[in-house]
Amino acid sequence: MATFNDHPHPRIIFNVPDDVYASVESMAGWAVRQEMGVRVHMPEFDLALVQAGDPTSYHQASHVMSIGSTSAFGIDRSFTTAASQINVEDPLGLGLDKLAAETIVPYIPTGARQTWQHSEYQVDGHRSFKTNESTGDLGGKITPFVSVGTEKYPYAWITRRHPGQWILVLPPETRDIPRWLAFFIRHLHSEDPEAFPVAAPWTERDEWSSMAASAAADALESHVNRAALQIADLRTEETRLAEALEAARKSDEVTVRRLITADGDDLVDAVANALQTIGFTAVDMDPTHVDAIGARLEDLRVHVPGDESWVALAEVKGYTGGARVNDVSQITRRPVVNFVKETGAEPSTVWHIVNVERKSDPGTRRPVIPNDIDLEPLTAQGGALIDTRDLFRAVRAIEQGAASAATVRASLIASKTRWVPPLA
């Protein structure tokens, strides 16, 4: 029998972008690109190299190497995990771990990752249900060599679907596809040397290289290994820093940022903490401190440590909109009258502390009661209006070392009508 068009092996069909195809075409004995509308006879091909798609849709006579697949024979890449730990192993003793550490691990995106899980439905009597196995080898379906988290959510894997078919599935961010294809061909060569007669181009093998080329290859490999480790360390540090930032921002919501977001008791507590950072003693007088008819008085009574003769009465208010002018005089009436009855002396000053438009961006909020005439009740009492945005800026400047607590404290003590913090 005469046979024609008996193409050389390995016969590879490619369904990949142009740049990938250009980098690997020479590794095939016979290369064919899979194109829309063009029919091919899949059993003639030894290997399919594909981008995305279902690797199990190819004929079982062909091995498949897939980059970025999302589904395959009842499993899919749809399980989301925020785990940051990456595990690399070589369960089949093929050298998968080293290659994965250099070409996959450094490029895995931070944050949530998509890993593989069961996606098929099983039937139990008259009831069908979706299996939800998402760790390990998914019931023996695959052999993961890259996994995520201590639970080992599968990320990259290899499997033998049929006795004569290997499937290698890599994540979409995998780099150096030619190295992976050479690796896969070497693996398949050990099982089927006729279909894969050359494990790698002979000109690249160490046994046929000069000492200079061999040394250069060793140096490059060593450098790549060091770079991969450094990149992995940087990725780990990036994840740690991102987690620290998230924790700090969550802490902001219940600590200093309340100065510009809260109202009620939360705002009073935030103002008291800010004043203590500035160097005052702030005593929460609300809600038990009332006058003879049960009316609530000042929210805070503020002292200078070591000088009990100086005292400020403070009213703290938060607003969804702008501050109400009628609220300005509250701190100058009942609280002052009651303080005089208690102590026989006038308070050193009174403060009306306000957080306006608290649900909007602090940088776009309007000035608080811009007309000083509306603040006359405070001015007459030697007091001042204080914007909680300015308190926030002052606390931050003190913590940064850009301002001293003593300077900020002195400016508050001396403030009249409205407080302007002494910040650059």
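Tutor: This is a predicted model, in which local features need pLDDT of at least 70 and side-chain atom pairs count only at pLDDT 80 or more, while totals for chains, interfaces and linings use all residues. Residues are numbered from 1 along each chain as its sequence is written, and side-chain values use heavy atoms, with hydrogens and water left out.

Student: Leaving aside its neighbours within four places in sequence, which residues is Trp180 in contact with?

Tutor: Contact means heavy atoms within 4.5 Å. With neighbours within four places in sequence set aside, Trp180 has contacts that include Met65, Leu96, Leu99, Ile104, Phe145, Leu168 and Arg175.

Student: What makes a set of residues a nonpolar core?

Tutor: The members must be buried Ala, Val, Leu, Ile, Met, Phe, Trp, Tyr or Cys residues joined through side-chain atoms within 4.5 Å. Buried means under 20% relative accessible area, exposed means over 50%, and partly exposed lies in between (1.4 Å probe, protein chains only). The largest such core has 37 residues, of which Phe145 and Trp180 touch the most other members. Helix α3 (residues 177–191) supplies the largest share of this core, 8 residues. Helices (H or I, at least four residues) and strands (E, at least two) are DSSP runs, numbered from the N terminus. A second, separate core of 32 residues includes Ala262, Ala282, Leu300 and Ile353.

Student: Why is α2 called roughly perpendicular to α4?

Tutor: The axes of helix α2 (residues 96–103) and helix α4 (residues 211–254) come within 8 Å and cross at roughly 65°. Angles of 65 to 115 degrees count as roughly perpendicular, under 35 as roughly parallel, over 145 as roughly antiparallel and the rest as oblique; therefore α2 is roughly perpendicular to α4.

Student: Which residues make the contact of α2 with α4?

Tutor: Lys98, Ala101 and Glu102 of α2 meet Glu221, Val224, Asn225 and Ala228 of α4.

Student: How do you know that His352 is buried?

Tutor: The relative accessible area of His352 is 0%, and the limit for a buried residue is under 20%; therefore His352 is buried. His352 lies in strand β17 (residues 349–355). The contacts of His352, apart from neighbours within four places in sequence, include Glu315, Lys317, Tyr319 and Asp327. His352 and Glu315 are 37 residues apart in sequence, with their C-alpha atoms 5.1 Å apart in space.

Student: Why does Glu357 count as buried?

Tutor: The relative accessibility of Glu357 is 12%, to be set against the limit of under 20%; therefore Glu357 counts as buried. Glu357 is placed in the loop between β17 and α8 (376–380), and has a positive phi of about 45°.

Student: Why does Pro17 count as partly exposed?

Tutor: Pro17 has 34% relative accessibility and therefore counts as partly exposed. Pro17 is found in the loop between β1 and α1 (18–24). Neighbours within four places in sequence aside, Pro17 is in contact with Arg33 and Gln51.

Terms used:
Axes fitted to C-alpha atoms, helices over the stretch in contact; angles between N-to-C directions.
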